[in-house]
Structures are given as structure tokens and as C-alpha cells.
Amino acid sequence: MLEAKNLEFYYQEKQKFNIPDISLSPGEQLLIIGASGSGKTTVLNMLGGLLKPLKGEITIDGTSLYSLSGASLDKFRGKNIGIIFQKPHILSPLTVEENLKLANYFSGKEGNKIDSILKELGIFDKKHSKVTTLSEGEAQRVSIARALANGPKVILADEPTASLDDVNAENVVKLLKEQAEKFNAALVIVTHDQRVKDHISNQITMGGLV
Amino acid sequence: MNMLKLSWKYLIAKPLNTGLNILLLALGLAIITVLILIQDQFENKMTKDSQGIDLVVGAKGSPLQLILSSVYHIDFPTGNIDLEDATALTRNRLVKNIIPLGMGDNYQGYRIVGTNYDYLDLYDAGLLEGKRWEKPFDVVLGNEVAAKLDLKVGDNFIGSHGIGSSSHEHDEHPYLVTGILEPMNNVLDKLVLTSIESVWYTHDDEHDHEKFEASVATSGFPDPGDEDRELTSLLIQYRNPMAAVQLPRMINSRTNLQAASPSFEISRLFELLGIGVKLIQGLALVIIVIAGLSIFIALFNSLKERKYDLAVMRTLGASSGQLFLHIILEGVILTFLGALVGMAMGHLFLSIIVNLNEQGAISSLSASVFLIEELYILGYAVVVGILASLIPAWTAYQTDIAKQLTKS
């Protein structure tokens, strides 16, 4: 499902990131742990089709990610990859429902599962709320819902628990696991949050620079 | 959800900003709309009213004043001319027809104009009811006069001396309404038309009742009898193009009359007004440019706050082209609404101006006329919107998603 081979990336040539190969089958989960500056967010950006690696190849469901370019890469990302950030980044002029619909619109997928996703994440009653009225935990759940709206094959989460309290952090990790299993999607979580470690056994530690 | 709706949502998320930008642009466009409407209608009206009149002859004075008073009935006459001088002109071979006009009285601000049937025929004026005047003190009312003053065929009224403002009333001779014209949409609507004889007899001191019962002249000049009679002005139609060259010069140099050409004087008037119009146009353009700048600044500033939003849209599958369109659409929606509001305001302004002026030149304008030029306004406004949003849209197009999302 998700393969990353021989990835190479650096911002300055002397400081290359040491990037391990990744191979995940559908439903499999992976935790990438590492200190700040170890390049774990960089890896996630590369996996998400947001940052082109200098060398190496990433394939998702048989498609080589960076053989696509421009709008077709954008469409592919929208359809197959759900990305969750440290901050929810909900589009504030839109309601919760509209945020999810926008994901459907941009990817070109007709999503009729919006209600069921919202129900499962326990935010169905916030369907018509603006993001400004949501709590931190609710907002993060909306961003998960948005990442799931297109039924992605790969779910990427960048420090999804960093700004949450213990209860919410545990909820979010559980939800991510549950939903990834339900969608049979590969889940990659990047974190340095100790609270996440116990939940996913498949772990890679990034050691920083070569 | 679609691009238009997305841009709209972002606009109404900042109602004050959006409202101000729309209002600013609307103000500029409203001024342009009013100018276009007034200019078009004035020019239309002016040409319509002066149709078929090649030359106006009256007492010496300002030629523009002569035209305004005799053709458009808005200024005061330059004075009177002797009937003898006028009759002399009828013998000129360059003249095809002469329509005499006699002015000097009004009723409730509406001018009473003495003339003959040729004046009605000049404008192809038909009667809505009643018949044309036949005896002295018979009058035919313009459609608006009848409507505004609520006069019907068979009604009597007493004219006042003077034009526009009344000094004393001629209480001895009431006028009798014999006919009402159909709506003409020209200067006739605001006139009370009667025979030259009515105007003469009103100002006579002696009252010869026998004269009052005689039929009036329906074409040419009436018989003055043994009195020294006067007219106010003459509307002349040329017999041939040669007349345009010879007749005005002949009249101006060899008689104590003055000849003025409506088309020449009106183009001179528009030239004079043009300076003012240009000035207002310039002001409107400045406002529109400022509105464009304001939209540009608003979009550019909001872009700073929205870089995350744009990056998130990209992660959801939006292409950079869609982000470009998203910002352009915001500019276009703003200016499109601005144009609509502006045009509505323009028509509203004009209707207020028209309603404040019951009589006179402005009152004949209509605010409910829509011109093709107004569609151009819509077009220009959208161009302003695209121009103003081009740079912000380009910035959005170039958003580096990874960089934007990584820095927090």
C-alpha cells in the first residue's frame, strides 16, 4: 500500500536526513518517533506528496507519487491521502460540514459518508457550527473527519496530540487507529509525544542527521 | 460546495471589510451611472426637441439663450421682434416655412406659447382628447401639464404674466382648454399651446369682443390689423442646403434680428458642460481606482492570514490553479456586487434629483431608463476586480504547501 525506498532529502548538503525505508500494507500502522529536527515532519511531507524527495521513490497503491505532477498530484493527494496536522487548521469561514464537503469537492469524490463520519467521531451535533465555537479536542476531531472524508488509503498525522490534554490525546490516537482499521488504510503518525507510544507497537525512531 | 461558494464564504466572513469595498466601488460607479443617464437623455431630448428646426430667429442677444428659450423653453427669451421684420423673412426664397412663437405668460409655471398649427405638426403631435384651438383664448395642453394641474377639456384658467414666476394675473381673459395632447416625450409635454392672437389680445388694454370670436390663423402669421404687433421668435426650416450658409449670415448682418442654429448652439453648450462632466468623471475614476486599490490591499492582507487555509486546501486536493481562481473570484464577486449596487444607487440618485425638481430641464429626465452602456460598467467593474486580485491570486498560486504547514 505505502512504500518508501531510498528516500534522500536535505536542506543543506552537509546535513542529510537519515531516512529509513517504509513499507506498510493496508490497515498497518506505523509510529515515527524522533526529536525535533530529526526530519520526521519532512518525511511525512514527502509521504503526503507535499515535498518532493531529492532521491528515492514513494508508491501509494501502485502509483509512484512523484511521477505525478501539478494538478494530477493534487487530485491524487486529495483522493488517497488524508493528512492531520498538529493544529486542526479548520477553514474558519466554513461550517464543520462545509469543511468536509470542500474535501469532497477538491478531490472530486462524491462523499455521502459525511454524516456517518461525524457521528462516529462524536461531533455530529456540531455539523453546522463554525470552527470558532469548537473546543480544541473537537476541532482536532473535525480535522480527522476531514482527512477521512474522501476515504483515503493512507492517513498521515503530524503530531496530532501535541496541543491536546491527556484525555483528548488518548481519544485522538484511539480514533485514528479505529478509523484507519475501518477504512483499511495505512496509518503513519509522526510524534515525539510519549503518550502515543503505548498505542502503536510498530515504531521507527529517526536518529537525526547522518 | 464549489469555487464560487467558497469565495463567497470567505467574503462574508469579513462583512465590514467586504461591505466597505463594495460601497466604495459602488459610489464611483453610481456617479458614472448618473452621468451616463443624464448625458444620454439630455442629448436624446435635445436632438428630439430640435428636430426639423434649422434656424431660430429672435431679438439680438445671446444665441444660446435664444435657442434655449425658443426650442427647449428653459431660458428667458431675448426680447421681442416686430411682426413686420418677421413677415419680411417669409418672402426670402431660402425659407421653406416659418413657425412664429409668442411667449410671455405662464400658468402655474408652465409656459403659454402662442403659435400656429405648424408647430404641432413639426412634432407630429396628436390629440389625446378634444380638438386644436380655433378661437383666441382656446388652448391645447401638453400631456404633463394636464396631468399635473388636473385640467380637462372644457376647463377654464387664468394665465399670469411673465415666464416661470408670476407677477400679476390677466384676470380679464380666462383660457379655455379645447384639447389635450397625447404624451410626446418632448418639450410639448410641458407647454400650454395657443394661438398668437391669444398672446396678443391678453396684453391689449382695450377689449374688442368681436375679435375674440373670430377664427385664428392656423398657419403663417395672423393679420395684425392696424396695430403694431410683436412676436418672440421664429422657427425656420430651410428650403435647401444653400440656406444654411447664406441665411444666418444675411439675417445677422442685414437685419436687427438674430439667427442661431440649434445644432451649433447645442454642441457649443455640451462643450461648455463637457468640462464639468469631465471633472466629475475624473473624480469617479479616482474613486474607482481607490476602490480597486482597496480591494487589492484587502485581498493581499487577508492572504497573510489565509496562507494556512490555502495550504490546507492544497492538501485536500485543490490545485494551485484552483487557488488562483479562488482569489480572482473574490475580487470579481466584490466588483460585480459593487457594480450592481452602484447602478442601483445611480438610478436612485437620479430619481431623487428628478423628484426634487418638479419643473425645468431636469424634471424631464427619467431614472427608470436602462442603457446598454450600463452593461459596460458591469464589464469594467469586473476588469477592475480581476486586476486588483491578480497579484494576490498569483501569490496564492505559488503557495509552498510543505513550507507553509511546517512553520507554526
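**Exercise 1. In which helix of chain B is the place of B:Leu283? Is B:Leu283 buried or exposed?**

Step 1. B:Leu283 sits in helix 10 of chain B. Helices are DSSP runs of H or I with at least four residues, strands are runs of E with at least two, and both are numbered from the N terminus.

This is a predicted model: local features need pLDDT of at least 70, side-chain atom pairs count only at pLDDT 80 or more, and totals for chains, interfaces and linings use all residues. Residues are numbered from 1 along each chain as its sequence is written, while chains are lettered from A and ligands numbered from 1 in the order in which they are written.

Step 2. Apply the burial rule: buried means 20 or more other C-beta atoms within 10 Å of a residue's own, exposed means 12 or fewer, partly exposed lies in between, and C-beta atoms are placed from the backbone. B:Leu283 has 12 C-beta neighbours inside 10 Å, so B:Leu283 counts as exposed.

Step 3. Look across the chain. B:Ile32 is 251 residues from B:Leu283 in sequence, yet their C-alpha atoms are 9.6 Å apart.

**Exercise 2. Describe helix 12 of chain B.**

Step 1. Take the span. Helix 12 covers residues 372–397, 26 residues in total. From first C-alpha to last it reaches 36 Å, close to the expected 38 Å. The expected span is 1.5 Å times one less than the number of residues.

Step 2. Find the bend. Helix 12 of chain B bends by about 45° at B:Leu390. The bend is the angle between axes fitted to the seven residues ending at a residue and the seven starting there. B:Pro392 follows within four residues.

Step 3. Check burial. The buried residues of helix 12 of chain B include B:Glu374, B:Gly385 and B:Pro392. Their cover includes helix 2 (15–49), helix 10 (262–315) and helix 11 (320–356) of chain B.

**Exercise 3. Work out the strand order of the open sheet in chain A.**

Step 1. Four strands lie in the order 2-1-4-5, with antiparallel pairing. Two strands pair if DSSP finds at least two bridges between them.

Step 2. Find the edges. Strand 2 (22–24) and strand 5 (63–64) of chain A each have a single partner strand, so one side of each lacks a neighbour in the sheet.

Step 3. Go to strand 1 (residues 2–8) and strand 4 (residues 55–60) of chain A. Five bridges join them. A:Leu2 has A:Ile60 as its bridge partner in strand 4.

Conventions:
Contact = placed C-beta atoms within 7 Å.
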